[in-house]
Each structure stands twice: as C-alpha cells, then as structure tokens.
Amino acid sequence: MKEYRFSEENAKKMMKTRTISRIPTILIAIVFGLYIANLRGQGEVFGNSLVLVLTLSISLVALSIGIFIGMKKGAEALKHNVYRISDTGIERKTSIGKSINIDFDKVESYKSMKKGLLIKTKNQKILIPTELDNYTDLSSLILEKVK
C-alpha cells in the first residue's frame, strides 16, 4: 500500500488557488450587503461618504483576516489528507477522519480534468487534485488499474 500526501508548499498553493477563485463571490456578497443596509437605512450608507468608507474598510479588513486564517487552517488540514492506493482500490482519508474507499473493479467512470482526476462509482467519488505530491505517478497508476 502506497500513500500520497500534500507537501506544505503544495497545500498552500492549493488553498491560495481555491481562495482566489472565491474572492469575487465574497466581494459581490459585501456589495450586496451594503446595498441592503443602504435600503434599510433610508440611504444613509451610500449618502454619507464617511459611513461608506468606514463600512468598506471594516469589511475589507475582516475579509483579509478571514482569508489569511482560512488559508492557513485549510493548508494545515490538507497536509493531513492521505490517499492510499492498494492493488484493489484507492482510499481517501481526510484530516477529520472521514474515509472514502473505492474499489477499482467498481469504478463506473473517471475523468481527467484541470483540477485533477475524478473517479466515480455508483455511490461515491474521489477527486485527486493536481496539487497532490506525485500526482502524475498516482493518476497514471490509477488509470492503469481502472482500465
């Protein structure tokens, strides 16, 4: 049985990529929240530049702190993820102890994507991210066993 894990560098890289992709949604939520606050306050938020600047500043500082803490904790959690491959299947164990096992003979489909290799059975799926250490070795080994 062989194990594959994230190095600290690759875990940070993956969390950075995930976070950057979520920033537009978060910014839209902040603007929408300000719009709702402006409606509820009869135009006080957008009408008073001091209130608008303070609200945006506080929101951006909170967002920055949240992103920093989230990236740090997320990278730490990714380092504890383990992908184990055996002759009969693959297991993904997360940092919270959740485990998914897929037997190679039960794989219904697999797909190589930009994000990684997606393996599906009738009831389960595992995504093996490209940022995983030795991803090319693992994906080629899995594809060899699935075919």
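Which element gives the most to the lining of the largest pocket? In this predicted model, local features need pLDDT of at least 70 and side-chain atom pairs count only at pLDDT 80 or more, while totals for chains, interfaces and linings use all residues. Residues are numbered from 1 along each chain as its sequence is written, and side-chain values use heavy atoms, with hydrogens and water left out.

The answer is α1, with six residues in that lining. Helices (H or I, at least four residues) and strands (E, at least two) are DSSP runs, numbered from the N terminus. A pocket is an open set of points on a 1 Å grid over the protein atoms alone, where a 1.4 Å probe fits, with protein on both sides within 12 Å along at least five of seven lines; lining residues have an atom within 4 Å of a point. The largest pocket holds about 510 Å³ of space, a volume being the space filled by probe spheres set on the points, which are joined across faces, edges and corners. Its lining counts 21 residues, and M14, R18, K115, L127 and E131 lie nearest the centre. At least two lining residues come from each of α1 (8-40), α3 (49-79) and β7 (125-129). By class, the lining has nine nonpolar residues (Ala, Val, Leu, Ile, Met, Phe, Trp, Tyr, Cys and Pro), six charged ones (Asp, Glu, Lys and Arg) and six polar ones (the others, Gly among them).

The second largest pocket has a volume of about 190 Å³. Its lining is made up of E8, K12, M15, F68, M71, K72, A75, E76 and K79. Two or more of these residues come from each of α1 and α3, and α3 provides the largest share, six residues. Here four of the lining residues are nonpolar and five are charged, with no polar ones.

Turning to the strands, an open sheet is formed by four of them in the order β1-β2-β3-β4, with antiparallel pairing; two strands pair if DSSP finds at least two bridges between them. β1 (2-4) and β4 (99-103) stand at the edges with a single partner strand each, so one side of each has no neighbour in the sheet. On average, neighbouring strands are turned by 15° against each other, direction ignored. Four antiparallel bridges link β2 (residues 82-85) with β3 (residues 89-93), and I85 stands opposite I90 in β3. Helix α4 (residues 135-146) lies across β1, β2 and β3 and runs at about 40° to β2. Such angles run from 0 to 180 degrees between N-to-C directions, with axes fitted as lines to C-alpha atoms, for helices over the stretch in contact, where contact means heavy atoms within 4.5 Å.
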